Amino acid sequence: MYGDRIKKHIFTRRVDQFFRDIYDISKFFRTFFKEAFKRPFHFNELINQCYEVGYRSLPLITLTGFIIGIVFTIQSRPPLENFGASSWLPSLMGIAIIKSLGPLVTSLICAGKVGSGIGAELGSMKVTEQIEAMEVSSIHPFKYLVVNRILATTITIPILSFYCCFIALMGSFINVHFEESSSIITFYQNAFSTITFIDIIESTIKAVTYGFTIGFVGCYNGYNASQGTRGVGRAANLAVVYAMFIIFIEEILIVQIFTWIINS
Amino acid sequence: MDKIKQHFIDKEEQVISISGLYKSFGDLKVLNGIDFTLYKGENVAILGKSGTGKSVLIKIIVGLLRPDRGEVFALGKPVHSLNHKDLDALRLRIGFSFQSSALYDGMNVYQNLAFPLTMNAKHLTKKEVDTAVEKVLDAVNLRNKKKQMPSELSGGQRKRIGIARTLILKPEIMLYDEPTAGLDPITSTEIIQLINEVQQRYNTSSIIITHDLTCARNTSDRTAMLLDGRFAKVGQFDEIFNTEDQHLKEFYNYNFIQ
C-alpha cells in the first residue's frame, strides 16, 4: 500500500518534470528566434564561433570522411560484382554519401566534438557565475553566448558536410582507381549521374537541421546546468546523447518527407 | 586598521530602498519581510550565517532574482517593474562583485576588463578603452597583470580584477558578495583597503555581504545582522557587536572561534 503510494508519487513527479522540460525547451526555442533577429548583432563573435566549430573540426572530418569513403567502396564491391554491376559503384557511393552518409557522419562527429564542448563551456560558465556576471554588466548572455553558437553550428555544419562528402568521394575514387584504373572525371561523372537537384536540397536541409540541433541541444544543456562541476559533466554528456538521438529521429523524418515529395 | 571616514553620507537621498521583501525557494523561506534603506555615500555591511539569504538579497537588488513579494527601488527605479532596456541602463549604474570573482575564463585580464565597456559603449575608440582599462588596473594596483589569464592569478588578484571589471562602468552603487571569503588575513586586509579606496575615489554607496567581522568593522558605516530571513538588528558596528541578544552573540562567538 505504502509502496504503491511512493510509486505513484514518483510517477507524477516524472510526468510533472517531463512537461516542465517541454515548457523550458519551447521557451528556449522561442527566445532563440526572438533574439536571433534582434539588434545588436555580434558578428565578430559569430565568426569566432564558426572558426571554433568549423576549422577546428576539419582534421577529424577529413580523416573520418576519407575512411568512410574507402571502406564503403571496398565492402560494396563484392556484392555488386556478383551481379555484374560493379560499374554502378560510383553512382551507389554518390547517392549513399551525398544523400545520407555525409550529413549524418559529419553531424555525429560534431555532436561529439562540438556539442559536448558547447555543453561543457556554457555549463562551466553557468556554475561559476560568469553568465550572471554578463547579465549584471548589461550584456545579454543568451544573445551573446547561445544565439551565436547555434547560428555558428547551423552555418558551419552544412559546409563541413559538403566537405566530408567531397573527401569521402575522394576515398572512394582512390579504391575505384586502383581496382579499375578509371579517371577522376569519369568517377565523378558517374557518381553525380544519379544525383538530382532535390537530393542536394535534401542533403543541405539535413545538414542545416543537424547543425541547429547540435547547437541548440548543447546550449540548452549548458545554459541550464546546475549542481557545480557534476552539472558541467552532465551537461556535456546530455548534449552529446540527446543530440545524437534527435539527429537519428530527424534523419528518419527527413527521409520520409523527401521520399513522399519525390513519389508524389 | 581603522576605516577612513572622510566621505559624506547624504541621508536625504536613498539609493536603495527595500520594503516588505519575501523570497522562498520551494518550501524554504529565505527572506521573510526585509525593509532596508541605503543612503548615498554610505557603506552597509550585511552580516549573517551561511544560507541566511545575504547573497539572494543583493541578487534581488540587481534584478538577477525576482522576489515573491515586496518592492526594491534602486536609484529611484523599481527594479522588478522595469523593461529590459531600462533594467540594462540601471545595471550599468550598479556594480556587482561576485564571491567567486566570475572572471571570464577564456579571456585575459585586459579582455575581461574591456569586454563590458566595448559591449556597452560601442562608440569608444581602442585608445579610449585602453585608457579606461589602465585606469581601473591602476585603481586595483594590478597594472602589470594585463596579459595574464584568470587561471594564472591568485585568489586576491582575481577578486581585485573582479572589482576592477565593475569599476570600469563607473557605478554609483557597489554590491560586494563575500569580498574576503577564502582569502588569507593579509590579502583580506588589502581587499578591505580597496573597498574603502573605491568608495573614496568613485564616491559609491555600497552593500558588503560578509561573515567576516573585520571586514564589516573596517568598511561599514552601518551594519545589519540578517537572521531567519529578517534584519535582526541594524546600526553602528559597535552597537551591534555589544548587543546582549543571545542569537547575535552566538554568531560573534562562532566567528571569533573560527
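Reply: The side chains of Glu52(A) and Arg56(A) meet in a salt bridge, with N and O 3.2 Å apart; the term stands for a side-chain nitrogen of Lys or Arg within 4 Å of a carboxyl oxygen of Asp or Glu. This is a predicted model, in which local features need pLDDT of at least 70 and side-chain atom pairs count only at pLDDT 80 or more, while totals for chains, interfaces and linings use all residues. Residues are numbered from 1 along each chain as its sequence is written, chains are lettered from A and ligands numbered from 1 in the order in which they are written, and side-chain values use heavy atoms, with hydrogens and water left out.

Glu52(A) counts as partly exposed, with a relative accessibility of 32%, and Arg56(A) is partly exposed at 43%. On this scale, buried is under 20% relative accessible area, exposed is over 50% and partly exposed lies in between (1.4 Å probe, protein chains only).

A salt bridge also links Arg20(A) to Asp16(A), at 3.1 Å from N to O. Both residues belong to helix α1 of chain A, residues 2-36, and sit four residues apart, about one turn of the helix. Helices (H or I, at least four residues) and strands (E, at least two) are DSSP runs, numbered from the N terminus. Arg20(A) has a relative accessible area of 48% and is therefore partly exposed; Asp16(A), at 38%, is partly exposed as well.

Over all chains, the count comes to 22 salt bridges, and three of them lie between chain B and chain A. In one such pair, Lys59(B) meets Glu129(A) with the closest N and O atoms 3.3 Å apart. Lys59(B) is in helix α1 of chain B (54-61) and Glu129(A) is in the loop between α4 (89-127) and α5 (130-136) of chain A, so the pair joins two chains. Lys59(B) counts as buried because its relative accessibility is 13%, and Glu129(A) is buried at 16%. Elsewhere, salt bridges that share partners bring Lys99(A), Asp199(A), Glu202(A), Lys206(A) and Glu251(A) together in one network.

Between the chains there is also a salt bridge from Glu135(A) to Arg91(B), with the closest N and O atoms 4.0 Å apart. Chain B and chain A further share nine residue pairs in polar contact, both residues being at pLDDT 80 or more. A polar contact is a pair of N or O atoms within 3.5 Å; within protein, one must be able to donate a hydrogen and the other to accept it, and residues adjacent in sequence count only if both atoms are side-chain atoms.

On the side of chain B that touches chain A, the elements giving two or more residues are α2 (84-91), β6 (94-97) and α3 (109-120) of chain B. The largest share, four residues, comes from α3(B). By class, this side has 13 nonpolar, three polar and six charged residues. Ala, Val, Leu, Ile, Met, Phe, Trp, Tyr, Cys and Pro count as nonpolar, Asp, Glu, Lys and Arg as charged, and the others, Gly among them, as polar.

In total, 22 residues of chain B are in contact with 17 residues of chain A, where contact means heavy atoms within 4.5 Å. The area buried between the two chains is about 1700 Å², and carbon and sulfur atoms give 54% of that area. Buried area is the accessible area (1.4 Å probe) that two parts lose on being put together, summed over both.

Chain B also holds an open sheet of four strands in the order β2-β1-β4-β5, with antiparallel pairing. Its edges are β2 (28-40) and β5 (77-78) of chain B; each has a single partner strand, so one side of each is left without a neighbour in the sheet. Two strands pair if DSSP finds at least two bridges between them. β1(B) and β2(B) run antiparallel and are joined by ten bridges, with Ser24(B) opposite Lys29(B) in β2(B). These two strands form a hairpin with two residues between them, and Gly26(B) in the turn has a positive phi of about 65 degrees. Five antiparallel bridges pair β1(B), residues 10-25, with β4(B), residues 69-74; Tyr22(B) stands opposite Arg69(B) in β4(B).
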